[in-house]
Amino acid sequence: MSEITINDIAKEAGVGKSTVSRVINGSGYVSSETRKKIEKVMEENNYFPSAVARSLSKQESDTIGLIIPEANNPFFGEILSGVSQSIDENDLTLILCNTANEIEKDFRSLQVMLRQRSKGLIFTPAGNYNKKQFKKLNNLIEKINCPIVLLDRSIEGFTTDGVYSDNFTSSYLATEALIKAGHSRIGIIQGDLSLSIGRERLAGYKKALEAYGLEINDHYIVPGNFDADTTYNLMIDLLNSEAELPTAFFISNNLSCIGFLRAVFEKNLKIPEDIAFVVFDKVAGQELFNMKYSYVERDVRKMGKKAMELLLKRFEHPDKPYEKVIIDSKLKLLGSELYI
DNA sequence: AAGATGACTTTCTGTCCTTT
DNA sequence: AAAGGACAGAAAGTCATCTT
(Lines give C-alpha, C1' and ligand atoms only; values in the text may rest on other atoms or scores of the structure.)
Protein backbone atom coordinates (compact mmCIF):
# COMPACT_ATOMS: atom_id res chain seq x y z
CA MET A 1 0.00 0.00 0.00
CA SER A 2 1.53 3.25 -1.07
CA GLU A 3 1.45 6.45 0.85
CA ILE A 4 -1.57 8.70 0.55
CA THR A 5 -0.71 11.92 -1.24
CA ILE A 6 -2.20 15.31 -1.81
CA ASN A 7 -3.43 14.03 -5.19
CA ASP A 8 -5.41 11.23 -3.57
CA ILE A 9 -7.03 13.67 -1.19
CA ALA A 10 -7.82 16.09 -4.01
CA LYS A 11 -9.35 13.36 -6.13
CA GLU A 12 -11.47 11.98 -3.35
CA ALA A 13 -12.64 15.43 -2.29
CA GLY A 14 -13.35 16.33 -5.91
CA VAL A 15 -11.10 19.41 -5.90
CA GLY A 16 -7.72 20.45 -7.30
CA LYS A 17 -4.57 19.69 -5.34
CA SER A 18 -3.75 23.34 -5.01
CA THR A 19 -6.96 23.76 -3.06
CA VAL A 20 -5.88 21.00 -0.71
CA SER A 21 -2.51 22.70 -0.39
CA ARG A 22 -4.21 25.93 0.66
CA VAL A 23 -6.19 24.07 3.28
CA ILE A 24 -3.05 22.42 4.65
CA ASN A 25 -1.26 25.73 4.91
CA GLY A 26 -4.21 27.91 5.82
CA SER A 27 -3.29 30.29 3.03
CA GLY A 28 -5.27 31.85 0.21
CA TYR A 29 -8.95 31.52 -0.47
CA VAL A 30 -10.95 28.42 0.31
CA SER A 31 -14.70 28.47 0.96
CA SER A 32 -15.51 27.09 4.36
CA GLU A 33 -17.66 24.44 2.71
CA THR A 34 -14.77 23.15 0.60
CA ARG A 35 -12.43 23.41 3.53
CA LYS A 36 -14.65 21.23 5.68
CA LYS A 37 -14.98 18.64 2.96
CA ILE A 38 -11.21 18.46 2.43
CA GLU A 39 -10.50 18.30 6.14
CA LYS A 40 -12.94 15.43 6.45
CA VAL A 41 -11.25 13.49 3.65
CA MET A 42 -7.80 14.13 5.15
CA GLU A 43 -9.03 12.95 8.52
CA GLU A 44 -10.64 9.82 7.12
CA ASN A 45 -7.50 8.87 5.25
CA ASN A 46 -5.22 9.68 8.13
CA TYR A 47 -3.25 11.91 5.80
CA PHE A 48 -0.06 13.75 6.74
CA PRO A 49 1.71 15.86 4.11
CA SER A 50 5.21 14.75 3.14
CA ALA A 51 7.87 16.95 4.68
CA VAL A 52 10.28 15.63 2.04
CA ALA A 53 8.17 16.91 -0.84
CA ARG A 54 7.55 20.17 0.93
CA SER A 55 11.28 20.73 1.37
CA LEU A 56 11.89 19.84 -2.26
CA SER A 57 9.47 22.46 -3.40
CA LYS A 58 10.35 25.14 -0.88
CA GLN A 59 14.10 24.64 -1.12
CA GLU A 60 14.14 24.65 2.64
CA SER A 61 13.14 22.26 5.39
CA ASP A 62 11.51 23.14 8.67
CA THR A 63 14.47 21.77 10.58
CA ILE A 64 16.58 23.63 13.09
CA GLY A 65 20.08 22.27 13.58
CA LEU A 66 21.60 22.07 17.02
CA ILE A 67 25.32 21.32 17.08
CA ILE A 68 26.76 20.63 20.51
CA PRO A 69 30.28 19.55 21.54
CA GLU A 70 29.57 17.46 24.64
CA ALA A 71 26.56 15.19 24.64
CA ASN A 72 27.78 13.79 27.97
CA ASN A 73 27.63 17.19 29.63
CA PRO A 74 24.35 17.87 31.49
CA PHE A 75 24.80 21.51 30.56
CA PHE A 76 23.91 20.62 26.99
CA GLY A 77 21.04 18.46 28.16
CA GLU A 78 19.56 21.58 29.72
CA ILE A 79 20.25 23.52 26.54
CA LEU A 80 18.45 20.83 24.56
CA SER A 81 15.49 20.99 26.84
CA GLY A 82 15.18 24.75 26.36
CA VAL A 83 15.62 24.53 22.61
CA SER A 84 13.22 21.67 22.09
CA GLN A 85 10.47 23.43 24.00
CA SER A 86 10.63 26.28 21.54
CA ILE A 87 10.90 23.82 18.64
CA ASP A 88 7.61 22.23 19.71
CA GLU A 89 5.87 25.53 20.24
CA ASN A 90 6.78 26.68 16.76
CA ASP A 91 6.08 23.40 15.00
CA LEU A 92 9.66 22.92 13.84
CA THR A 93 11.87 19.85 13.64
CA LEU A 94 15.15 19.45 15.48
CA ILE A 95 18.31 17.88 14.09
CA LEU A 96 20.95 17.21 16.71
CA CYS A 97 24.65 16.64 16.11
CA ASN A 98 27.29 15.93 18.72
CA THR A 99 30.88 16.79 17.85
CA ALA A 100 32.74 15.45 20.90
CA ASN A 101 34.83 18.62 20.77
CA GLU A 102 36.35 17.61 17.44
CA ILE A 103 36.54 20.37 14.88
CA GLU A 104 36.35 17.95 11.96
CA LYS A 105 32.97 16.90 13.31
CA ASP A 106 31.87 20.52 13.29
CA PHE A 107 32.35 20.41 9.54
CA ARG A 108 30.55 17.11 9.20
CA SER A 109 27.66 18.47 11.24
CA LEU A 110 27.46 21.61 9.17
CA GLN A 111 27.39 19.47 6.03
CA VAL A 112 24.46 17.57 7.50
CA MET A 113 22.62 20.84 8.03
CA LEU A 114 23.46 21.91 4.51
CA ARG A 115 22.14 18.66 3.03
CA GLN A 116 19.00 19.00 5.11
CA ARG A 117 18.53 22.58 3.94
CA SER A 118 18.06 23.60 7.56
CA LYS A 119 16.13 26.74 8.26
CA GLY A 120 18.32 27.85 11.17
CA LEU A 121 21.25 26.77 13.26
CA ILE A 122 22.29 26.87 16.91
CA PHE A 123 25.95 26.16 17.14
CA THR A 124 28.50 25.63 19.90
CA PRO A 125 31.80 25.24 18.08
CA ALA A 126 34.05 22.36 19.06
CA GLY A 127 37.20 24.38 19.51
CA ASN A 128 39.46 27.08 18.28
CA TYR A 129 39.77 27.32 14.49
CA ASN A 130 43.07 27.85 12.77
CA LYS A 131 43.21 29.93 9.58
CA LYS A 132 42.54 27.05 7.25
CA GLN A 133 39.70 25.74 9.35
CA PHE A 134 38.22 29.20 9.67
CA LYS A 135 38.14 29.49 5.90
CA LYS A 136 36.47 26.11 5.59
CA LEU A 137 33.93 27.17 8.18
CA ASN A 138 33.13 30.34 6.31
CA ASN A 139 32.71 28.46 3.06
CA LEU A 140 30.27 26.02 4.60
CA ILE A 141 28.29 28.70 6.37
CA GLU A 142 28.03 30.70 3.20
CA LYS A 143 26.58 27.68 1.44
CA ILE A 144 24.20 26.85 4.26
CA ASN A 145 22.96 30.39 4.06
CA CYS A 146 20.64 30.30 7.05
CA PRO A 147 20.57 32.27 10.29
CA ILE A 148 23.07 31.05 12.87
CA VAL A 149 23.12 31.64 16.59
CA LEU A 150 26.32 30.88 18.46
CA LEU A 151 25.89 29.43 21.91
CA ASP A 152 28.23 29.70 24.88
CA ARG A 153 31.37 29.75 22.73
CA SER A 154 32.22 32.48 20.27
CA ILE A 155 34.33 32.21 17.15
CA GLU A 156 36.99 34.82 16.74
CA GLY A 157 36.41 36.99 13.70
CA PHE A 158 32.93 35.66 13.08
CA THR A 159 30.00 37.90 13.88
CA THR A 160 26.47 36.62 14.26
CA ASP A 161 23.73 36.43 16.89
CA GLY A 162 24.90 34.78 20.07
CA VAL A 163 24.02 33.75 23.62
CA TYR A 164 26.86 33.78 26.11
CA SER A 165 27.75 34.08 29.78
CA ASP A 166 30.06 36.47 31.57
CA ASN A 167 32.78 33.93 32.27
CA PHE A 168 35.30 36.43 33.50
CA THR A 169 33.12 38.07 36.14
CA SER A 170 31.66 34.80 37.39
CA SER A 171 35.08 33.27 37.78
CA TYR A 172 36.31 36.38 39.51
CA LEU A 173 33.42 36.26 41.99
CA ALA A 174 33.86 32.54 42.59
CA THR A 175 37.54 32.98 43.39
CA GLU A 176 36.80 36.03 45.49
CA ALA A 177 34.34 33.97 47.54
CA LEU A 178 37.11 31.50 48.34
CA ILE A 179 39.38 34.34 49.38
CA LYS A 180 36.68 35.85 51.58
CA ALA A 181 36.19 32.46 53.21
CA GLY A 182 39.75 32.77 54.39
CA HIS A 183 41.68 30.78 51.81
CA SER A 184 44.97 32.11 50.58
CA ARG A 185 46.34 29.08 48.76
CA ILE A 186 43.82 28.81 45.96
CA GLY A 187 44.28 26.66 42.89
CA ILE A 188 42.38 26.40 39.64
CA ILE A 189 41.40 23.45 37.54
CA GLN A 190 41.94 25.16 34.26
CA GLY A 191 39.73 24.61 31.23
CA ASP A 192 40.66 24.19 27.60
CA LEU A 193 42.63 27.33 26.87
CA SER A 194 42.09 27.08 23.14
CA LEU A 195 38.50 28.08 23.93
CA SER A 196 37.67 31.62 24.91
CA ILE A 197 35.58 30.36 27.83
CA GLY A 198 38.64 28.56 29.16
CA ARG A 199 40.80 31.65 28.86
CA GLU A 200 38.18 33.96 30.36
CA ARG A 201 37.67 31.73 33.39
CA LEU A 202 41.40 31.58 34.02
CA ALA A 203 41.65 35.34 33.66
CA GLY A 204 38.85 35.89 36.19
CA TYR A 205 40.61 33.63 38.67
CA LYS A 206 43.92 35.42 38.22
CA LYS A 207 42.36 38.84 38.45
CA ALA A 208 40.72 38.00 41.79
CA LEU A 209 43.96 36.78 43.29
CA GLU A 210 45.66 39.89 42.05
CA ALA A 211 42.97 42.17 43.45
CA TYR A 212 43.48 40.71 46.90
CA GLY A 213 47.24 40.81 46.73
CA LEU A 214 47.66 37.05 46.50
CA GLU A 215 50.44 35.65 44.44
CA ILE A 216 49.66 33.58 41.40
CA ASN A 217 51.43 30.30 41.91
CA ASP A 218 51.86 28.31 38.69
CA HIS A 219 52.10 25.22 40.79
CA TYR A 220 48.44 25.71 41.77
CA ILE A 221 47.28 25.87 38.19
CA VAL A 222 46.14 22.43 37.12
CA PRO A 223 46.15 22.32 33.32
CA GLY A 224 42.86 20.52 32.71
CA ASN A 225 40.84 20.65 29.53
CA PHE A 226 37.23 20.57 30.71
CA ASP A 227 37.25 16.79 30.86
CA ALA A 228 36.81 14.46 33.84
CA ASP A 229 39.51 11.88 33.18
CA THR A 230 42.22 14.43 32.49
CA THR A 231 41.41 16.26 35.70
CA TYR A 232 41.32 13.03 37.66
CA ASN A 233 44.81 12.06 36.50
CA LEU A 234 46.25 15.50 37.11
CA MET A 235 44.73 15.66 40.57
CA ILE A 236 46.04 12.23 41.51
CA ASP A 237 49.50 13.34 40.44
CA LEU A 238 49.20 16.52 42.44
CA LEU A 239 47.87 14.78 45.56
CA ASN A 240 50.64 12.21 45.38
CA SER A 241 53.31 14.85 45.12
CA GLU A 242 55.19 16.28 48.06
CA ALA A 243 54.21 19.80 47.15
CA GLU A 244 52.18 21.99 49.43
CA LEU A 245 48.57 21.74 48.28
CA PRO A 246 46.09 24.53 47.80
CA THR A 247 43.35 24.58 50.41
CA ALA A 248 40.77 25.49 47.82
CA PHE A 249 40.13 25.25 44.09
CA PHE A 250 38.17 27.12 41.53
CA ILE A 251 37.10 24.45 39.01
CA SER A 252 36.49 25.64 35.46
CA ASN A 253 33.60 23.34 34.62
CA ASN A 254 31.28 20.64 35.85
CA LEU A 255 32.91 17.67 34.09
CA SER A 256 36.31 18.56 35.53
CA CYS A 257 34.66 18.61 38.92
CA ILE A 258 33.71 14.95 38.58
CA GLY A 259 37.35 14.03 38.00
CA PHE A 260 38.42 16.34 40.80
CA LEU A 261 36.03 14.71 43.27
CA ARG A 262 36.99 11.20 42.24
CA ALA A 263 40.62 11.97 43.01
CA VAL A 264 39.86 13.81 46.24
CA PHE A 265 37.63 11.04 47.59
CA GLU A 266 40.06 8.39 46.53
CA LYS A 267 42.66 10.10 48.72
CA ASN A 268 40.15 10.27 51.58
CA LEU A 269 40.19 14.04 51.74
CA LYS A 270 37.16 15.83 53.17
CA ILE A 271 35.27 18.56 51.44
CA PRO A 272 35.44 21.34 52.43
CA GLU A 273 37.60 20.77 55.53
CA ASP A 274 40.64 19.44 53.69
CA ILE A 275 39.98 20.95 50.37
CA ALA A 276 37.24 23.40 49.37
CA PHE A 277 36.02 24.34 45.92
CA VAL A 278 33.69 26.42 43.81
CA VAL A 279 32.81 25.03 40.41
CA PHE A 280 31.60 26.73 37.26
CA ASP A 281 28.17 25.19 36.49
CA LYS A 282 26.14 22.76 38.45
CA VAL A 283 27.46 19.25 38.92
CA ALA A 284 24.74 16.76 38.11
CA GLY A 285 23.71 14.35 40.79
CA GLN A 286 25.65 15.75 43.74
CA GLU A 287 22.43 16.50 45.61
CA LEU A 288 21.83 12.77 45.76
CA PHE A 289 24.88 12.30 47.96
CA ASN A 290 23.79 15.16 50.12
CA MET A 291 27.03 16.92 49.38
CA LYS A 292 26.75 20.64 49.73
CA TYR A 293 28.92 22.51 47.33
CA SER A 294 29.26 25.91 45.80
CA TYR A 295 28.92 26.71 42.15
CA VAL A 296 28.34 29.34 39.54
CA GLU A 297 24.72 29.01 38.59
CA ARG A 298 23.27 30.09 35.29
CA ASP A 299 19.86 29.54 33.80
CA VAL A 300 20.94 27.12 31.11
CA ARG A 301 17.45 26.28 29.93
CA LYS A 302 16.97 29.97 29.36
CA MET A 303 20.11 30.05 27.23
CA GLY A 304 18.57 27.44 24.94
CA LYS A 305 15.26 29.25 24.80
CA LYS A 306 16.98 32.56 24.14
CA ALA A 307 18.99 31.06 21.28
CA MET A 308 15.75 29.92 19.64
CA GLU A 309 14.24 33.31 20.27
CA LEU A 310 17.12 34.98 18.43
CA LEU A 311 16.67 32.58 15.51
CA LEU A 312 12.93 33.24 15.27
CA LYS A 313 13.53 36.98 15.40
CA ARG A 314 16.13 36.63 12.67
CA PHE A 315 13.62 34.78 10.45
CA GLU A 316 11.30 37.77 10.78
CA HIS A 317 13.96 40.45 10.34
CA PRO A 318 16.89 39.12 8.31
CA ASP A 319 18.62 42.47 8.16
CA LYS A 320 18.47 43.75 11.71
CA PRO A 321 21.78 44.18 13.52
CA TYR A 322 23.27 41.16 15.23
CA GLU A 323 22.41 40.64 18.85
CA LYS A 324 24.67 39.41 21.62
CA VAL A 325 22.83 38.23 24.70
CA ILE A 326 24.61 37.65 28.00
CA ILE A 327 22.65 35.38 30.31
CA ASP A 328 23.40 36.35 33.86
CA SER A 329 24.88 33.96 36.35
CA LYS A 330 25.13 34.06 40.10
CA LEU A 331 27.14 32.45 42.79
CA LYS A 332 25.49 29.72 44.85
CA LEU A 333 27.37 29.22 48.07
CA LEU A 334 26.03 26.09 49.67
CA GLY A 335 29.00 24.68 51.54
CA SER A 336 29.93 25.23 55.15
CA GLU A 337 30.08 28.92 55.94
CA LEU A 338 33.49 28.65 57.42
CA TYR A 339 35.16 27.07 54.50
CA ILE A 340 32.63 28.00 51.87
C1' DA B 1 27.08 -11.30 -27.47
C1' DA B 2 27.75 -9.16 -23.31
C1' DG B 3 28.88 -5.41 -20.69
C1' DA B 4 29.92 -0.54 -19.76
C1' DT B 5 28.82 4.26 -20.40
C1' DG B 6 26.44 8.37 -21.21
C1' DA B 7 22.35 11.15 -22.47
C1' DC B 8 17.86 11.81 -21.69
C1' DT B 9 13.29 11.09 -19.46
C1' DT B 10 10.26 10.00 -15.82
C1' DT B 11 8.91 9.84 -11.12
C1' DC B 12 8.14 11.42 -6.48
C1' DT B 13 4.82 15.17 -3.72
C1' DG B 14 3.91 19.67 -2.41
C1' DT B 15 4.14 24.88 -3.51
C1' DC B 16 3.15 28.80 -5.93
C1' DC B 17 1.99 31.58 -9.86
C1' DT B 18 -1.31 32.15 -13.59
C1' DT B 19 -5.64 31.50 -15.53
C1' DT B 20 -10.56 30.64 -15.62
C1' DA C 1 -12.98 30.54 -5.30
C1' DA C 2 -10.93 26.93 -7.48
C1' DA C 3 -8.20 24.63 -11.11
C1' DG C 4 -4.10 23.92 -13.93
C1' DG C 5 0.49 23.35 -14.51
C1' DA C 6 5.48 24.56 -14.09
C1' DC C 7 8.81 23.52 -10.90
C1' DA C 8 12.35 21.77 -7.29
C1' DG C 9 16.67 17.75 -6.96
C1' DA C 10 17.85 13.10 -6.88
C1' DA C 11 17.19 8.51 -8.21
C1' DA C 12 15.56 5.13 -11.21
C1' DG C 13 14.40 3.80 -15.70
C1' DT C 14 15.10 3.76 -20.89
C1' DC C 15 17.63 3.65 -24.90
C1' DA C 16 21.35 4.33 -27.95
C1' DT C 17 26.17 3.89 -28.55
C1' DC C 18 30.70 2.31 -27.63
C1' DT C 19 34.21 -1.30 -25.85
C1' DT C 20 35.82 -5.77 -25.40
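Modeller: Helices (DSSP runs of H or I, at least four residues) and strands (runs of E, at least two) are numbered from the N terminus. The structure is a predicted model, in which local features need pLDDT of at least 70 and side-chain atom pairs pLDDT 80 or more, while totals for chains, interfaces and linings use all residues. Residues are numbered from 1 along each chain as its sequence is written, chains are lettered from A and ligands numbered from 1 in the order of writing, and side-chain values use heavy atoms, without hydrogens or water.

Biologist: Which residues of helix 6 are called buried, and what covers them?

Modeller: Buried means under 20% relative accessible area, against over 50% for exposed and values in between for partly exposed (1.4 Å probe, protein chains only). In helix 6 the term applies to Ile-103, Asp-106, Phe-107, Ser-109, Leu-110, Val-112, Met-113 and Leu-114. Their cover includes strand 1 (63-68), strand 2 (93-98), strand 3 (120-123) and helix 7 (131-144).

Biologist: How do you know whether Ser-256 is buried or exposed?

Modeller: The relative accessible area of Ser-256 is 0%, which is under 20%, so the residue is buried. Ser-256 belongs to helix 11. Contact (heavy atoms within 4.5 Å) is made by Ser-256 with Ile-189, Phe-226, Asp-227, Ala-228, Thr-231 and Ile-251, neighbours within four places in sequence being left aside.

Biologist: What makes the phi of Asp-152 worth noting?

Modeller: Most residues other than glycine have a negative phi. Asp-152 is not a glycine, yet its phi is positive, about 70°. This residue sits in the loop between strand 4 (148-151) and strand 5 (161-165). With a relative accessible area of 4%, Asp-152 is therefore buried. Asp-281 likewise has a positive phi, near 85°, and lies in the loop between strand 9 and strand 10 (294-298). Its relative accessible area is 6%, so Asp-281 is buried.

Biologist: Why is the peptide bond from Ile-271 to Pro-272 called cis?

Modeller: The omega of that bond is near 0°, and the bond is cis. Most peptide bonds are trans. Pro-272 lies in the loop between helix 11 (254-266) and strand 9 (276-280).

Biologist: What does the record place at residues 4-58?

Modeller: An unreviewed UniProt entry gives "domain: HTH lacI-type" for residues 4-58; its positions follow the numbering used here, feature names are shortened, and annotations may be inferred rather than shown by experiment. In the model, that stretch is 69% helix and 0% strand, with 20 Å between its end C-alpha atoms.

Biologist: Why is the pair between Gly-16 and DNA strand C called a polar contact?

Modeller: A polar contact is a pair of N or O atoms within 3.5 Å; within protein, one atom must be able to donate a hydrogen and the other to accept it, and residues adjacent in sequence count only through two side-chain atoms. A polar backbone atom of Gly-16 is 2.5 Å from a phosphate oxygen of DNA strand C, so the pair qualifies. Helix 2 (17-25) and helix 4 (51-58) are the elements giving two or more residues to the surface near DNA strand C, and helix 2 gives the most, with four.

Biologist: Which residues come nearest to DNA strand B?

Modeller: Of 13 residues around DNA strand B, these are Ile-6, Ser-21, Ser-50, Arg-54 and Ser-57. A polar backbone atom of Ile-6 is 2.7 Å from a phosphate oxygen, and a side-chain N or O atom of Ser-57 is 2.6 Å from a sugar or linking oxygen of DNA strand B.

Notes. Near = heavy atom within 4 Å.
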